[in-house]
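Here are a few friendly notes to read alongside the model.

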Amino acid sequence: MKKRKMAAAFMAALMLTASLAGCGSSEKAESASDPSHGGAGKEEELLTIDMFCAPANYQGVQTGWFGKAIKDACNVEVNIIAPNVAGGGDSLYQTRSAAGNLGDLIVIRKDQLEDCYKAGLLYDMTDFVANSKNLKNYSKSSENLSKLLGTDRIYAFANSSSLLSPMEPAWTAVNPSMAIFSRWDYYKELGKPQLKDMDDLLDLLKQMQDAHPTAENGKKVYGFSLFKDWDSKWMRCASICTWFNGYSESNTGFLFTNGDASDYTQLDDENGIYYKMLETFFKANQMGLVDPDSSAQTFDAMQAKVGEGEVLCHFWPWLTIDNYNTPERVEQGVGFAYLPIEDQRFVVEGYNPYGTDDLVICMGSKCKNPERVFEFLDWFSSPESMMINYGGPEGLAWEKVDGKPVRTEYGRTAETINAPVPEEYGGGNFKDGKCQFNWCIPFWLDKDPATGEIFNKALWTSTVKNERNRVMDEWTETFGTELPTQYLVDNDLMEIIPGSPYICPVDSSDINIKRSQCGTAVKEASWKMVFARDKEEFDAVWQDMKTKLDGLGYNDVIAVDKANVEGFYQARKAVIEENQ
């Protein structure tokens, strides 16, 4: 009996090894059409993979140029099941979990992983991983999650797991990941004033608005346009600003920590960073700088306004620079750029071999064709896939010159103008054809071993050197460094969050309920404070929120959060010591 089991396991491993070797290779196309390959043709039939994907903002089959890349490599199509689109919070997750089948691939939060494991919803990938080409490189990611589950088998990988040093800053672009990005042309017009703090920024934005009250489309211009879509336990547009004010909002509940977690500030502290940002937005609204649609509009509506020039300031380079700075505009000196503010200090995440956020990737226990689903997962985790995912189709959006990736003329503007894609590359428009998954096991800022370049096209050597423009040149002339990220380094304005293995324990049901109720109270109060009639109402709402929190068990939640901060501190301290 044992011999038969061992023989079956050996044959399964042998078949998987052959399958993984074929994904994306020339033999795949031959085997599908060559009768001499026997049963291989059946295996090469188009397979539809159902993927339950918590972070996705698109539901349906992945199409366009990335859909074609998937089909060409593995002859599969991916049907995305997106709770963000279906609505109802966790209801879709709970419904499918109760039915015993989340999907062939499962992308969920870490705090849902243990329940899925105990319910038998996850597939054991251990043997597959051992014979894989790519995923075996991410053993720290999988082993850390196995430890969480109390097993030595592999059931999950963490999202954005890195193979680089945990003490190096994981820059997402030539700009900081989060910062103040505002209209460079208007800033220059006003004499490029020195900004000491956020109050100076508000004065600057008011001057910009007074000088340019309407956008090119005739609509009114505002300093800030906010949105609620990403609110969870607080107002995200306020919490995101902690990153460039010395604290991180990541994984520590209602506490904001510095880089090594040796210091923190509490959400309900009047001297803390969250209160400071609510007060900033309140002042901005009193000055007529906040879009009155902010509390009702979607992220997509807000993003469109930024792209139309109706917004003077925001916090992400991809929302501002990538969204507004067309080639035509920047060559006229028009566009967004990072504006340094004297009292701001940045917290920057280091590369993390254990994953950089709260997502995990698994296979479903009722997976229809586990060998081919894992084959796809392994290919999707390959350098080849990453270069396509974050660079676009090779030959169309970029090409290799002397062994290095270089964007084509098409690739330089394809995303900004949402260019049509030739049918041979999948058809449709460029943005529509992008990967809609919103996750990758490899970190998108790691390096392609074949070229030595970071997967993210914005940080390719050729992009940084060859795609400068008038706005970038004027910025460099003003602030003295080639890149904004280098400005932070040269001026000692950043602190690294070392990549560490600490995972927050799952909240008890009691704490989970209290955290959710406290979060609702915080969100409701935060938006009311921003749009308060005057400072008296602002203060009254804040005090009322604190009273409500006391009655909702906030102190019990904070006790858990403080324990987690201590866990992060010890883990990050160990990483720092190991890398000295």
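1. The chain is split into domain 1 (47-161 + 358-462) and domain 2 (181-350 + 485-578), with bounds from an automatic or database domain assignment. Their C-alpha centres are 29 Å apart. This is a predicted model, where local features need pLDDT of at least 70, side-chain atom pairs count only at pLDDT 80 or more, and totals for chains, interfaces and linings use all residues. Residues are numbered from 1 along each chain as its sequence is written, and side-chain values use heavy atoms, with hydrogens and water left out.

2. Nine residues of domain 1 contact eight residues of domain 2 (heavy atoms within 4.5 Å). Between them the two domains bury about 730 Å², 64% of it on carbon and sulfur atoms; this is the accessible area (1.4 Å probe) lost on putting the two parts together, summed over both.

3. How many salt bridges are there between domain 1 and domain 2? The count is zero, taking a side-chain nitrogen of Lys or Arg within 4 Å of a carboxyl oxygen of Asp or Glu.

4. Helix 7 (110-118), helix 9 (139-149) and helix 19 (409-417) each give at least two residues to the side of domain 1 that touches domain 2 (helices are DSSP runs of H or I, at least four residues, and strands of E, at least two, numbered from the N terminus).

5. Three strands form an open sheet in the order 9-6-10, with antiparallel pairing (strands pair if DSSP finds at least two bridges between them). Strand 9 (313-314) and strand 10 (336-338) are at the edges with a single partner strand each, so one side of each has no neighbour in the sheet. Strand 6 (residues 181-183) is joined to strand 9 by two bridges, and Ser182 has Cys313 of strand 9 as its bridge partner.
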